[in-house]
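Open the model in your viewer and keep the selection panel at hand.

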Amino acid sequence: MSNLLLFPIIIPLFFAAILMMFPKNIRMQRTIAAIGGALTVAASIYLAYTVYHDGIQAVTLGSWPAPFGISMVSDLLSALLVVTSSIITLFVIFYSFPSIGVKREQSFYYPAVLFLMVGVNGAFTTGDIFNLFVFVEVLLMASYALIVHGGEKPQLREAIKYIVINIFSSSLFVGTVAYLYSVTGTLNMADLAVKIPQIEETGILTVIAVLFLIVFGFKAAIFPLYFWLPSAYAAPPIPILALFGALLTKVGVYAIMRTYTLLFTMNIDYTHELLGIIAILTILAGSIGALAYFDVKKIIIYNIIIAVGVILFGVSQMNEAGIDGSIFYLVHDMLIKAALFFLIGIVTVLFGTSDLRKMGGLIKTRPGLGWTYLIAAFGLAGIPPLSGFPGKLLIVQGGFEGTQFWGSIVILASSLLVLLSVVRIFIYAFWGEPVETLPLAKRSYNQMFIPTVVLVAITVIFGVGAELFMPLISGAGEVLLNPTAYIDAVFKE
Amino acid sequence: MRTNDVMLQTATKVVTFIILVFAIHIFFAGHYTPGGGFVGGLLTASAVVLLMLAFDIRTVKSILPINYVTMTAIGLILALGTAAASIVFDVPFFTHAYDYFTLPLFGETSLHSAMLFDAGVYLVVVGVTITIIQTIGEDE
């Protein structure tokens, strides 16, 4: 089955097209969306299994020889990310049933979610830089639809900012691709990886590398380019926020990872040091934001920015520990952010507000929710048996082995601030004098709580069983550090 | 005051068919000459828009009782299905096939599966364009 790696892209696209035909029938919408999500998860897990056993899967569309057609490549890194994003989208679909509201469900909500899945899975799988742009646009279009979905006043206001910023960064993306094409004459990533080292004019390539950092930095929210994210993500309802927070910025992070390990390795002293410094500044900016707010959504949103900084710092070190750590941390962070947003969603529904100062005493009425939140919070901060620990440990080790040992110290210090910011939610919302909560039907509470608990359980398994997952992670890191395997897989014919 | 636009409406009745035929010509010519699904779709949509200008949206809806959202979905499935047919034959996705057929009236004609993909594109373009125009036009 040479087309196996395309299934996580084709299946949601097909189901999204089917769902467009009967928007008003909620029961069918829910069932078919759930079936589509589940099939995608199954296909992606089988794909990851195949990649792990048989090596990198690559197919060049339309039976054209490799640099001329569009190559789709699934190495361990992209297979892992496709599995993670498919699982998260499936859980978001389940979580949406009780929480998104009938009106939204009747106006193409599930097709938009599935189209977002198409874009994310495609961006993780593609091996062509312009095709990456197209898939990023697919996911952005779906995210535009989702950010205004429902048409509340704050959503409309933030959607304008979000769309303007993304159109600007996308046009910059096209311009940068044009520069790259005029210098190298190819857009296939594997072919680029062959051609770039042959070009002696590294000055212009360094400029292009920095331009790509700016482009993907807008998508991934790195230090000076993150300003659009906190208010834009606070606008849409919780399931959409969970989807955005878990997936969208990570596509930018993945793109930086891919381009900075596969293509732009000609001037590491400059580009990767710049990346490292920006990553540290991103961590600092995110930590300040996470401590500054009394709004639960804002606190977790700023934690997204911190995590982007941590992952990119690991990438910038370009050594085995750093890269492995950032891959582990990337997968962990996607899962834990979705879980945390789910938990925050239940808390805000119960209190009817996202202001911490108006909450309290939830541990007495909802002990299960409280302890699940505490586990997720400890996981985020990286307390040893949980999933945040192995990744951060490797990144810190990578920093000490590399040139920027002070960056590792900042990351260790930032973990304390992350812990403080999330435990503050625990203290305010779960301890103290009980505040009256809004009534919530037991059935819809369970419908929201069960996917959350399962997702938290997955992160716990991912952390406690880190030894089991390490072969996958280090296999993915090996391809990033030694791209010949990637190039050979594409040019096999 | 209600103006009498009998000239516009009479001209539209003639011109719409010319535009539609030209759209179909452009759509079929796309393989060898400039054209294809995208421009063909836009031209078809422009014919419908001309009808909407000369008459009104409700009349056009009763002439063409089409759900354009469903049309977009069918176009997507057609395009995806053409590309995915390659999976059945276990060749890379998007691999197209063509052959020469002797058809009545046309004689020997080459038929290419890229045409089916283009038909999908055509349906999506028509569906999306008219959905946009209809929703803005009906908005109070």
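Select Asn303(A), Ile306(A), Ala307(A), Val310(A), Tyr329(A), Lys337(A), Leu380(A), Lys392(A) and Val418(A): they line the second largest cavity. A cavity here is a set of points on a 1 Å grid over the protein atoms alone where a 1.4 Å probe fits but cannot get out, and lining residues have an atom within 4 Å of a point. Now colour α13 (296–317) and α14 (320–351) of chain A, the elements that give two or more residues to this lining. α13(A) gives the most, with four residues. Helices are DSSP runs of H or I with at least four residues, strands are runs of E with at least two, and both are numbered from the N terminus.

The volume of this cavity is about 40 Å³. Volume means the space filled by probe spheres set on the grid points, which are joined across faces, edges and corners. Its lining divides into six nonpolar, one polar and two charged residues. Ala, Val, Leu, Ile, Met, Phe, Trp, Tyr, Cys and Pro count as nonpolar, Asp, Glu, Lys and Arg as charged, and the others, Gly among them, as polar.

The model is predicted: local features need pLDDT of at least 70, side-chain atom pairs count only at pLDDT 80 or more, and totals for chains, interfaces and linings use all residues. Residues are numbered from 1 along each chain as its sequence is written, chains are lettered from A and ligands numbered from 1 in the order written, and side-chain values use heavy atoms, without hydrogens or water.

Next, select Val136(A), Leu139(A), Leu140(A), Lys219(A) and Leu248(A). Of the 15 residues lining the largest cavity, these lie nearest its centre. α6 (129–147), α7 (153–184), α9 (202–220) and α11 (238–263) of chain A each give two or more residues to that lining. The volume is about 120 Å³.

Move to chain B. The second largest pocket holds about 500 Å³ of space. Among its 15 lining residues, Phe28(B), Thr109(B), Ser110(B), Leu111(B) and Met115(B) are the closest to its centre. A pocket is an open set with protein on both sides within 12 Å along at least five of seven lines. β2(B) gives the most to the lining, with four residues.

Last, show where the chains meet. The contact (heavy atoms within 4.5 Å) takes 16 residues from chain B and 19 residues from chain A.
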